[in-house]
Amino acid sequence: MSSVVKIFLLLLLAPGIVFDHNPNDVASREFKFKNLPSPSKTDAATRAKLTLIDGELEEGSAELAALTDGRVPRDEDEPGANVFFKAGSSGGRFRMDFGSVIDIAQVNTYSWHPSSRGPQLYKLYAADGSEPKLNLDPKRGVDPASCGWKFIALVSTLPEGGAMGGQYAASVNDLGKRRYLLFDVYVTELYDNWGNTFYSEIDVISK
């Protein structure tokens, strides 16, 4: 099988990914987007348990639970209402556990910041818990796909040019029946120490 055919098949099998962006002059506390829904207060993630696997949250960051509480920032630069990793670090990893297998239709992630902490950049993995030798806590340097996790998508809302600020939404569709999600989060830029995204909310919509 040629490499071109393999890439084509991978694209066919990959889940759909949709992005949306509200620039600074449009962004508001309502988090309304043209192509994606606003954050939900009743999605499956509200009942999930979140665990930090690797990396360190910034001192002014909210706890991981803020990602699934249905509350969003009221201002474009509100550290205590967002989750973000330590300044100068390369990001980190955290796990979401639903307690049992659910059929996931969408994973929607939201962020808001007036500058380089706005865009999102992360890898998403999933597992149902039955995988042989599943390592629930793979540290950085360990490929999750080598220890039971299924790679789902690389999510990047980084703009090709211009201002990076504003509200961002990303939606990954049709993940199938899963119990666990693993978010491997990266910095958006390396020009300074302020490239760790302000993540405001994560919604998981079940079928």
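Colleague: Why is T157 called buried?
Modeller: T157 has a relative accessible area of 9%. Buried means under 20%, exposed means over 50%, and partly exposed lies in between, with a 1.4 Å probe and protein chains only. So T157 at 9% counts as buried.

Colleague: What kind of model is this, and how are its residues numbered?
Modeller: This is a predicted model, with residues numbered from 1 along each chain as its sequence is written. Local features need pLDDT of at least 70 and side-chain atom pairs pLDDT 80 or more, while totals for chains, interfaces and linings use all residues, and side-chain values use heavy atoms without hydrogens or water.

Colleague: Where does T157 lie, and which residues does T157 touch?
Modeller: T157 is in the loop between β5 and β6. Strands are DSSP runs of E, at least two residues, numbered from the N terminus. Contact means heavy atoms within 4.5 Å. Not counting residues up to four places away in sequence, T157 touches F19, P119, Q120, Y168 and A170.

Colleague: What makes the approach of T157 to the backbone nitrogen of Q120 a polar contact?
Modeller: A polar atom of the T157 side chain lies 2.7 Å from that nitrogen. The definition asks for a pair of N or O atoms within 3.5 Å; within protein, one must be able to donate a hydrogen and the other to accept it, and residues adjacent in sequence count only if both atoms are side-chain atoms. The distance of 2.7 Å is within that 3.5 Å limit.

Colleague: Is L36 buried or exposed, and how do you know?
Modeller: L36 has 10% relative accessibility, so it counts as buried. L36 lies in the loop between β1 (17-22) and β2 (49-54).

Colleague: Which residues is L36 in contact with?
Modeller: Leaving aside neighbours within four places in sequence, they are V18, F19, D20, A169, A170 and S171. L36 and D20 are 16 residues apart in sequence, with their C-alpha atoms 6.8 Å apart.

Colleague: What makes R93 and D184 a salt bridge?
Modeller: A salt bridge is a side-chain nitrogen of Lys or Arg within 4 Å of a carboxyl oxygen of Asp or Glu. The closest N and O atoms of R93 and D184 are 3.2 Å apart, and the pair qualifies. R93 lies in strand β3 (residues 92-113) and D184 in strand β6, so the pair ties together parts 91 residues apart in sequence. R93 is buried at 4%, and D184 is buried at 1%.

Colleague: How do you know that D137 and R95 pair up?
Modeller: Their side chains meet at 2.5 Å, N to O, in a salt bridge. D137 is in the loop between β4 and β5 and R95 in strand β3, so the pair links parts 42 residues apart in sequence. D137 is partly exposed at 40%. R95 is buried at 11%.

Colleague: What joins K207 to D174?
Modeller: A salt bridge, at 3.6 Å from N to O. K207 lies in the segment after β7 (199-206) and D174 in strand β6, so the pair ties together parts 33 residues apart in sequence. K207 is exposed at 63% relative accessibility, and D174 is exposed at 54%. Elsewhere, salt bridges that share partners join R93, R140 and D184 into one network. The whole structure holds six salt bridges.

Colleague: What stands out in the phi of D174 and of K133?
Modeller: Most residues other than glycine have a negative phi. D174 has a positive phi of about 55 degrees although it is not a glycine. The phi of K133, also positive, is near 55 degrees. D174 sits in strand β6 (residues 166-185). K133 lies in the loop between β4 (121-127) and β5 (150-156). K133 has a relative accessible area of 79%, so it counts as exposed.

Colleague: How many cavities of 30 Å³ or more are there, and what makes a space a cavity?
Modeller: The search finds one. On a 1 Å grid over the protein atoms alone, a cavity is a set of points where a 1.4 Å probe fits but cannot get out. Points are joined across faces, edges and corners, and the volume is the space filled by probe spheres set on them. The largest cavity holds about 40 Å³.

Colleague: Which residues line the largest cavity?
Modeller: Lining residues have an atom within 4 Å of a point. They are V83, F84, F85, F94, V185, Y186, N196, T197 and Y199. The lining divides into seven nonpolar, two polar and no charged residues. Nonpolar covers Ala, Val, Leu, Ile, Met, Phe, Trp, Tyr, Cys and Pro; charged covers Asp, Glu, Lys and Arg; the others, Gly among them, are polar.

Conventions. Helix = DSSP H or I, 4+ residues; strand = E, 2+ residues; numbered from the N terminus. 1 Å grid on protein atoms, 1.4 Å probe; cavity = no way out; pocket = protein on both sides within 12 Å on 5 of 7 lines; lining within 4 Å.
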